[in-house]
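Dear colleague,

I am handing over the structure below, together with notes on what was found in it. Please read the notes with the model open beside you.

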Amino acid sequence: MSESKRTITSTTAHHTELTPWPIEKSNILSGDAEAHGTVLWQSENKLLCNGVWSCSIGKFNWEYTWNETFYLIQGKISIAIDNADAKEYNTGDLVFIPNGTNTTWTIIEPVRKIFHLESPTPIEF
């Protein structure tokens, strides 16, 4: 029987240092939409991960290749699915977006979120 190393990983989400995670320029529709993030934990098979992400004001398209659950700890956004009516989300909202969803994000106020991703294929950052 092999031993598994058990550790608890934590961060202060509001103050976690984030690195640039640029959104492809072809996906940006308006504004800067400068994204930053960090992965707090990722499974060995890279099918699960969680972390912190932020973005400045802007608008961009994003096609989901994973399931994402996120909790907004700062900011205000709206998300439209397949160019339909957008729904607004604010600080304190918990949101789930399924794999295969085509979205348009509008960052109304700079946003910071805590995310959990689940993917059928390995997630690379």
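For the aromatic residues, rings of Phe, Tyr and Trp (its six-membered ring) are taken to pair if their centres lie within 6.5 Å, with planes under 30 degrees apart counted as stacked, over 60 as edge-to-face and the rest as tilted. Please keep in mind throughout that this is a predicted model.

With that criterion, a search of the whole structure finds seven aromatic pairs. One of them joins Trp53 and Trp105, whose ring centres are 5.8 Å apart and whose planes stand at 70°, so the pair is edge-to-face. This pair links distant parts of the chain, since Trp53 lies in strand 4 and Trp105 in strand 9, 52 residues apart. Both Trp53 and Trp105 are buried. A tilted pair is formed by Trp66 and Phe125, with 6.5 Å from centre to centre and 40° between the planes. It too links distant parts of the chain, with Trp66 in the loop between strand 5 (58-63) and strand 6, and Phe125 in the segment after strand 9, 59 residues apart. Trp66 has a relative accessibility of 14% and therefore counts as buried, the cut-off being under 20%. Trp66 and Phe125 also belong to one aromatic cluster, which they form with Trp21, Trp62 and Phe115.

Leaving aside its neighbours within four places in sequence, Phe70 is in contact with Ile77, Ile79, Asp93, Leu94, Val95, Ile97, Trp105, Lys113, Ile114 and Phe115.

Apart from neighbours within four places in sequence, the residues in contact with Lys113 are Gly51, Val52, Trp53, Glu68, Phe70, Tyr71, Leu72, Ile73 and Trp105. The C-alpha atoms of Lys113 and Asp93 are separated by 9.7 Å, and the two residues are 20 apart along the chain.

Finally, two loop residues have backbone angles to check. Lys46, in the loop between strand 3 (35-42) and strand 4 (48-55), has a phi near 65°, a positive value in a residue other than glycine; Lys46 is partly exposed, with a relative accessible area of 30%. Asn83, found in the loop between strand 6 (67-81) and strand 7 (86-90), likewise has a positive phi, of about 60°, although it is not a glycine, and at 71% relative accessibility Asn83 counts as exposed.

Conventions: Residues are numbered from 1 along each chain as its sequence is written. This is a predicted model: local features need pLDDT of at least 70, side-chain atom pairs count only at pLDDT 80 or more; totals for chains, interfaces and linings use all residues. Side-chain values use heavy atoms; hydrogens and water are left out. Helices (H or I, at least four residues) and strands (E, at least two) are DSSP runs, numbered from the N terminus. Buried means under 20% relative accessible area, exposed over 50%, partly exposed in between (1.4 Å probe, protein chains only). Contact means heavy atoms within 4.5 Å.
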